[in-house]
Amino acid sequence: MTDTGIRARLAADPDLGTGNVLWKLLEHGADPDGPGAAFDVPVDGFPAWQPLTLGRLRERVAARAAWWHGQGVGPRDPVALYVSGSADCLLNFLALAWLGAVPALMNRHLPGDVAAEYLRRLRGVALLTDPELRARLAGEELPAGLHADAAEPGTGDPALAPAPYRHHADDPVVITHSSGTTRMPAAVVHSHASLFAATRLFRLAAPRARGVGRILSALPAAHAAGVSTLNLALCNRSEVLFLSTQGDGAAVLAGIERWRPTGVFGFAAAWAQLARLDLGGGRLDSVELWFNTGDCAHEPHIRRLVASGSRVTVTREGVRRVPGSSFVDGLGSTEMGHSAFHLTHRPGTERYGRCVGVPHGFAEVALLDLATGREVPVGEVGHFGLKAPTLAPGYWNDSAATYRNRLDGWYLTGDLMYRDEEGYYFHVDRAVDAVDLGGGEWLYTALSEERILAACPDEHDCTVVSLQVDGRVVTDVLLALRPDADPSADRVPAVRAALTAAAAATLREVVAVSERDLIVGPTGKVRKFLMRQRHRAAAAAI
């Protein structure tokens, strides 16, 4: 049976969803010797980087399902996975989903005290850790229940795995958490249908996209996007390898050179790290596609990446491979379940300025005035509201948070955006980071960072931090410079010119900083809330 035929059968299966892709593939006749998944860490005696066939993947997942089943874990049981390796995370996700349990995936970079509080709020029946992360939890008060080591589940007997659980569309299937940029991550619960909706309605309904034949995932395995990438690759019958380390640009580049992917999936933080490195010498020649989700990416980083690799396109002379890759950008979040927008950049395209493109067909979007609940006019900034089948049902053990961000049927993502006359949407900031300057003027930190990056080519990243000092708003711009940049150069005029007049009037200082000076969250996002606190404390001490 052809891969195309299997994709069509999957698309027509009403019971297919996040929790059963693995065994549904085999039920629909997928070749057990075809692609399963690969990891940058060893799996049950199989070396790192060695692909597991679909049949071998099923066997390793069945072993874990049998082990968890033997520990008494069953349907609806929440189980926390706080592990370092991509394989331990995703194989146990698949095994627990096999049982109808609800795996709660935790980012490996969560600090021990934050992880412990998250676990207490989760109230799970079991916790899986490894030696590295178990040491991080030492001394913390942890909830009762089974505490297992990551080496144990793989010792189960695959033959003892029970029959796969039959999910209903509304069943909770996985808990992932938000980025934690304000310290405590929120536990977002996804249903069998919601986290698979974009794959069903968009990916499987169209021909397989170019560039996804061999994927390198630089997404956190414990993120909703990591789970979706695994299921997408399986449904597309693509080869995929999951990195365990995503925030290190050198590690991502080394992964690209070793795996030779046609497509690389990641967050904006990965592209910022990657773009600062030497990308010449054919190191990215295999790449046709870069796929970004989460925060939209910055123009200088995109331009560096699309200048490399090659892509297939249709010309007057027919189908040709031409220099330069494609970069698919968008805007998504854990709660959204999938990017609601899409935009493709290539060499020579010019739609930047934090443009996230146009909505996907499955997404109904609105930019709202929260005071009136009405949509704002074209060109005016409003709060982004979303209605989509991809939306997470809510937050685990937190009904207040589940309903707090709803307005007239819209889910409020916390993003500020505007729409132009052509129907393209632009992201200007997170609502919590935007600063009211009075008189109808606002400072949008994300949009300001985009403009500063474009104005200062010798920097590879920047962070805008605004705070109240003596009753007035002051703004500091922190520049992470390229290695060959002159740290003593005066960049104030360029930065000031990049800002709006109202924002420029608040500029206090422009400072060259190292990466160590930035406070980042588990997914690599800068924690502006904590940066403001630190700056406020520093200002008070002067």
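Is Ser244 buried or exposed? In this predicted model, Ser244 counts as buried, at 7% relative accessibility. The residue is placed in the loop that connects strand E10 (239-242) with helix H9 (249-259). A polar atom of the Ser244 side chain lies 2.9 Å from the backbone nitrogen of Ser86. When neighbours within four places in sequence are left aside, the contacts of Ser244 are Asp40, Val41, Ser84, Gly85, Ser86 and Arg108.

In soluble globular proteins, nonpolar side chains tend to be buried together.

Helix H8 (residues 224-236) consists of 13 residues and reaches 18 Å from its first C-alpha to its last, close to the 18 Å expected at 1.5 Å a residue. Because 13 of the 13 residues of H8 are buried, the helix is largely enclosed by the rest of the structure. Arg237 follows H8 and has a positive phi, near 55°. Strand E7 (residues 172-177) is likewise largely enclosed by the rest of the structure, since five of its six residues are buried. E7 and strand E8 (residues 187-191) run antiparallel and are joined by five bridges. Within this pairing, Pro172 stands opposite Ser191 in E8.

With a cut-off of 2.5 Å between cysteine sulfur atoms, the count comes to zero disulfides. For Cys89, the closest cysteine sulfur is that of Cys235, at 18 Å, which is too far for a bond. Cys89 is itself buried, with a relative accessible area of 3%. For Cys456, the closest cysteine sulfur belongs to Cys462, and the distance of 8.0 Å is too far for a bond. Cys456 is also buried, with a relative accessible area of 4%.

Note on methods
Residues numbered from 1 in each chain as written. Predicted model: local features only at pLDDT ≥ 70, side-chain atom pairs only at ≥ 80, totals over all residues. Heavy atoms only, no water. Helix = DSSP H or I, 4+ residues; strand = E, 2+ residues; numbered from the N terminus. Expected span 1.5 Å × (residues − 1). Buried < 20%, exposed > 50% of the residue type's maximum accessible area, 1.4 Å probe, protein only. Pairing = 2+ DSSP bridges. Polar contact = N/O pair within 3.5 Å; in protein donor to acceptor, adjacent residues only side chain to side chain. Contact = heavy atoms within 4.5 Å.
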